[in-house]
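I opened this model to look up how its parts are arranged, and I kept notes as I went along.

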Amino acid sequence: MGALPGAELTARWYCPRTGKYQDVQQIDNTGTRLFNAPSSGRGRDWVLCLYSGIKE
């Protein structure tokens with residue numbers, strides 16, 4: 001954390017299979033953080049997207 005500007009970030013998971021996002025959350029942009037994908041296993045790829053300055 002801390003590599004992007006701003007005190008808070010928006011975190012979203014993107015599913016390349018469906019083209020949809022899920023699990024929008026605001027997180028503090030400090031310290032160390034562990035992110036766990038919504039599902040795992042063969043064919044269940046996810047992309048973690050972190051945005052600075054977006055409020056949803």
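The entries below follow the order in which I looked things up.

**Entry 1: the whole chain.** I noted at the start that this is a predicted model. I looked up the secondary structure and found zero helices and three strands, so that the chain, read along the sequence, follows the pattern β-β-β. I then took the extent of the chain along the principal axes, where the C-alpha atoms fill a box of roughly 35 × 20 × 15 Å. I also looked up burial, and of the 56 residues of the chain 18% count as buried.

**Entry 2: strand 1 and its partners.** I asked myself how many of the eight residues of strand 1 are buried. Six of them are, and strand 1, which covers residues 8-15, is therefore largely enclosed by the rest of the structure. I next followed the pairing of strand 1 with strand 2 (residues 20-28), which is antiparallel and runs over seven bridges. On the other pairing I looked up, strand 1 and strand 3 (residues 47-52) are joined over six bridges, again in the antiparallel sense.

Entry 3: For strand 3, I wrote down cysteine 49 as the bridge partner of arginine 12.

Entry 4: I looked at alanine 7, which is found in the segment before strand 1. Is alanine 7 buried or exposed? I found a relative accessible area of 63%, and because exposed means over 50%, alanine 7 counts as exposed. I also noted that alanine 7 and aspartate 28 are 21 residues apart in sequence, while their C-alpha atoms are 6.1 Å apart in space.

Entry 5: I looked up the aromatic pairs and the count came to one. That pair is formed by tyrosine 14 and tyrosine 21, and I recorded it as tilted, with 5.0 Å centre to centre and 50° between the planes. Tyrosine 14 is partly exposed with a relative accessible area of 24%, and tyrosine 21 is partly exposed with a value of 38%. Which residue lies over the face of tyrosine 21? I found arginine 12 there, at 4.0 Å from the ring centre; arginine 12 is the residue I had already listed as the bridge partner of cysteine 49. I made a separate note that arginine 17 lies over the face of tryptophan 46, at 5.4 Å from the ring centre.

**Entry 6: a nonpolar patch.** Last, I looked at the surface, where Met1, Leu4 and Leu50 form a nonpolar patch with about 210 Å² of accessible area together. Of its members I followed up leucine 50, which is found in strand 3.

Key: Residues are numbered from 1 along each chain as its sequence is written. This is a predicted model: local features need pLDDT of at least 70, side-chain atom pairs count only at pLDDT 80 or more; totals for chains, interfaces and linings use all residues. Side-chain values use heavy atoms; hydrogens and water are left out. Buried means under 20% relative accessible area, exposed over 50%, partly exposed in between (1.4 Å probe, protein chains only). Helices (H or I, at least four residues) and strands (E, at least two) are DSSP runs, numbered from the N terminus. Two strands pair if DSSP finds at least two bridges between them. Rings of Phe, Tyr and Trp (its six-membered ring) pair if their centres lie within 6.5 Å; planes under 30 degrees apart count as stacked, over 60 as edge-to-face and the rest as tilted. A charge sits over a ring if NZ of Lys or CZ of Arg is within 6 Å of the ring centre and within 35 degrees of the ring normal. Patches are made of residues with over 30% relative accessible area and no salt bridge: like charges are joined within 9 Å, nonpolar side chains (Val, Leu, Ile, Met, Phe, Trp, Tyr) within 5 Å. Accessible areas come from the Shrake-Rupley method with a 1.4 Å probe; for residues, only the protein chains shown count as cover. A salt bridge is a side-chain nitrogen of Lys or Arg within 4 Å of a carboxyl oxygen of Asp or Glu.
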